[in-house]
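Biologist: Please take a close look at one part of this model, the ligand site. After that, go on to the side-chain pairs and backbone details elsewhere.

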Amino acid sequence: MEPLPEVLESTRRFAERALAGLGDRPVAHPPTSSAFAPLPVSGIGFDAALAEFARRWEPGFSGSAGPRYLGFVTGGTTPAALAGDWLTSTFDQNAVAGESSATDLEREAVRWLATLFGLGPEHTGTFVTGATMSNFVGLAIAREWLGESRGVSVAASGVQALGPIHVLSGTPHSTVHKALSMLGIGRDQLRLVPTLPGREAVDTTELRRALESLDGPAVVVANAGTVNTTDFDDLRAIAALRTEFPFWLHVDAAFGGFAALSPAHAHLVDGLAEADSVCVDLHKWLNVPYDAAVQFTRRQDLQVRIFQNTGAYLPPPTETPDLLHLTPESSRRLRALPTWFTLTAYGAEGHRAIVEQNTTNAQTLGNLLTTTPGFHLVAPVRLNVVCFTPPGDGAAVARAITESGETFLTPTVYQGVPALRAAFSNWRTTPADVERVYRAIVEAAGSV
Ligand SMILES: *Cc1c(COP(=O)(O)O)cnc(C)c1O
């Protein structure tokens with residue numbers, strides 16, 4: 001193998017070029033199929049491997065880390081987070097039991113995140129790979145809590161010991177259905193509660209009615225930031241219902257949780273600290289690289305019952321359980337390091353500035369589209385997403401936007417109407433980018 005310093009140096013130069021060109025790279029690439037190469041038998045060495053990557057694969061990579069990729073909710077990577085990610089692989093720590101301070105670094109990063117989102121010491125947390133796994137872990141704890149309230153342990157006896165399971169939500173993310181499927185509860189057990197008129201936020205009166213109709217404890221999934229219109233359930237009003245009805249309150253705040261960082265938007269997540277479990281994605285709006293999210297809960301004791309992993313050389317969980325007793329993974333990378341770096345380098349203030357820059361950008365684009373004939377916002381810009389209908393065939397406009405390479409938005413359907421979403425969550429996006437995005441949208445709409 002070649003000397004490590006040379007490998008690192010050529011990778012550094014390669015990465016530097018790629019990052020410098022991020023703003024000029026086509027924002028999205030319609031996938032093209034390419035034939036797979038056979039398994040390299042003897043290997044061609046690192047330099048040739050890098051050249052091969054640059055020739056065959058890199059040109060087809062999207063500019064999703066760049067300033068004008070506004071599809072889904074796709075954050076970028078701050079410089080410090082990127083360095084943290086590099087060092088994660090450099091030190092290659094297994095962030096579970098072991099003679100290492102790595103697990104404490106993760107615990108520190110979790111505490112910082114809890115503070116950022118206004119959660120107190122009653123919420124413990126763990127890193128997972130994404131909001132899907134964060135919802136999964138939160139709902140697994142909810143399932144165990146249902147068992148506790150009926151005098152059984154699902155972890156020991158299985159879901160069949162539980163009897164009927166009621167899960168209620170207004171506009172749940174698709175991954176909540178997926179989590180319920182993985183948990184053996186079943187996608188069909190999710191009961192959709194009517195939302196407020198013309199809104200994606202749950203109607204709390206309807207939720208109360210639904211809870212009244214049940215004969216036992218339930219799980220309520222509240223949504224803090226729906227993907228279409230970034231609508232927010234009234235978390236405080238929902239939490240208050242627990243004085244009358246027994247339920248576990250899980251809040252999916254995958255990106256909406258970042259409203260807490262901005263004084264102008266923090267009211268949207270008022271009551272978040274009341275939740276029994278909370279999901280927040282980090283590879284979205286914290287601008288750390290894939291893959292990272294955090295999950296918080298008030299009942300780590302139940303979490304340990306579910307995920308504990310003991311054996312001959314794995315001691316049982318203690319008061320401060322090892323991380324392998326808390327999530328589906330056992331061995332895992334030190335996923336917290338990019339978060340630790342970006343929070344240390346830029347602080348809560350630096351990250352508040354990113355959130356505010358993105359919400360201002362969304363507001364600007366929303367205002368521009370509102371005053372452009374033929375364009376309509378399907379909802380007010382509440383945070384960082386602009387959801388709108390263009391003139392003419394929305395799907396064709398979406399394709400034309402993607403083909404322009406200038407920006408990428410995701411098509412959606414909102415209340416039966418095809419629409420487009422522009423989600424701002426990358427620290428690199430400037431007002432000049434918003435101007436370019438706006439022009440690309442208007443030109444694409446004029447071309448179809
Ligand atoms: C993105 C998102 C998820 C899923 O997140 P992944 O990181 O893709 O696993 C769940 N809920 C909401 C509200 C989201 O925006």
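Modeller: Helices and strands here are DSSP runs, at least four residues (H or I) for a helix and at least two (E) for a strand, numbered from the N terminus. The model is predicted.

Start with the ligand. It sits in the second largest pocket. Around the ligand are 14 residues. The nearest of them are T132, D252, D281, H283 and K284. By type, the shell divides into 4 nonpolar, 7 polar and 3 charged residues. Helix α5, residues 131-149, supplies the largest share of this shell, with 3 residues.

Now the contacts. T132 places a polar side-chain atom 2.5 Å from an oxygen atom of the ligand. In the side chain of D281, an N or O atom is 2.6 Å from a ligand oxygen. K284 has a polar side-chain atom 2.8 Å from an oxygen atom of the ligand. As for cover, the ligand on its own has 380 Å² of accessible area, and the protein covers 83% of that.

Next, charge pairs. Side chains of opposite charge can pair when their charged atoms come close. The whole structure holds 26 salt bridges. One of them links the side chains of E212 and R208, at 3.6 Å from N to O. Both residues belong to helix α8, residues 204-212. They are 4 residues apart there, so about one helical turn separates E212 from R208.

Last, the backbone. Most residues other than glycine have a negative phi, and most peptide bonds are trans.

The peptide bond from Y290 to D291 is cis, and its omega is near 0°. D291 lies in the loop between β6 (277-281) and β7 (293-297). The strand β6 ends at residue 281, and D281 is among the residues nearest the ligand.

F72 is not a glycine, yet its phi is positive, about 45°. The loop between α2 (46-56) and α3 (79-91) holds F72.

Q415 is also a residue other than glycine, with a positive phi near 50°. Its place is the loop between β10 (410-414) and β11 (417-423).

Conventions. Residues are numbered from 1 along each chain as its sequence is written. This is a predicted model: local features need pLDDT of at least 70, side-chain atom pairs count only at pLDDT 80 or more; totals for chains, interfaces and linings use all residues. Side-chain values use heavy atoms; hydrogens and water are left out. A residue is near a molecule or strand if one of its heavy atoms lies within 4 Å of it. A polar contact is a pair of N or O atoms within 3.5 Å; within protein, one must be able to donate a hydrogen and the other to accept it, and residues adjacent in sequence count only if both atoms are side-chain atoms. Accessible areas come from the Shrake-Rupley method with a 1.4 Å probe; for residues, only the protein chains shown count as cover. On a 1 Å grid over the protein atoms alone, a cavity is a set of points where a 1.4 Å probe fits but cannot get out, and a pocket is an open set with protein on both sides within 12 Å along at least five of seven lines; lining residues have an atom within 4 Å of a point. A molecule sits in a cavity or pocket if more than half of its atoms lie within 2 Å of its grid points. Ala, Val, Leu, Ile, Met, Phe, Trp, Tyr, Cys and Pro count as nonpolar, Asp, Glu, Lys and Arg as charged, and the others, Gly among them, as polar. A salt bridge is a side-chain nitrogen of Lys or Arg within 4 Å of a carboxyl oxygen of Asp or Glu.
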